[in-house]
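Please keep the sequence and the model in view while reading.

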Amino acid sequence: GGLGTCDELFELMTLMQTGKIKRKLPIILIGKKFWKACINWEAFVEYGMISESDASQLHFVDTAEEAFQCLTKGILEVEGQEALCPSSPKASKRSLQETRTGA
């Protein structure tokens with residue numbers, strides 16, 4: 001929960017912002033009070049450091065159960081978007097497999 005954790009968090013967010021990580025996976029921060037008190041996320045948006053879209057990937061929870069629900073929901077949303085987007089690598093792979101098998 002120190003500077004190393006913050007460094008890794010910002011690195012992950014940067015990789016998503018720059019498109020190095022293609023999927024918009026949820027970023028789950030455990031300890032609502034801690035994370036909201038330590039970093040003023042709203043100010044990051046107001047000053048243009050992150051977009052509303054970037055901020056919407058942050059999910060603040062207090063329990064492992066909440067984290068699991070949030071992660072599961074986020075993964076299902078990503079998979080649903082990939083199924084709808086024919087240009088995604090996963091969708092392209094499925095399409096190629098369907099062509100080969102005639103499915």
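What pattern does the chain follow when read along the sequence? The chain follows α-β-α-α-α-β-α-α, with six helices and two strands; these are DSSP runs numbered from the N terminus, helices being H or I of at least four residues and strands E of at least two. The model is predicted, so local features need pLDDT of at least 70 and side-chain atom pairs pLDDT 80 or more, whereas totals for chains, interfaces and linings use all residues. Residues are numbered from 1 along each chain as its sequence is written, and side-chain values use heavy atoms, without hydrogens or water.

Of the 103 residues of the chain, 26% count as buried, that is, under 20% relative accessible area with a 1.4 Å probe and protein chains only, where exposed means over 50% and partly exposed lies in between.

The whole structure holds five aromatic pairs, defined as rings of Phe, Tyr and Trp (its six-membered ring) with centres within 6.5 Å; planes under 30 degrees apart count as stacked, over 60 as edge-to-face and the rest as tilted. Phe10 and Phe44 form a stacked pair, because their ring centres are 6.0 Å apart and their planes lie at 20°. Since Phe10 belongs to helix H1 (residues 3-17) and Phe44 to helix H3 (residues 41-46), the pair ties together parts that are 34 residues apart in sequence. Phe10 is partly exposed, at a relative accessible area of 30%, while Phe44, at 17%, counts as buried. Both residues belong to one aromatic cluster, which is formed by Phe10, Trp41, Phe44 and Phe60.
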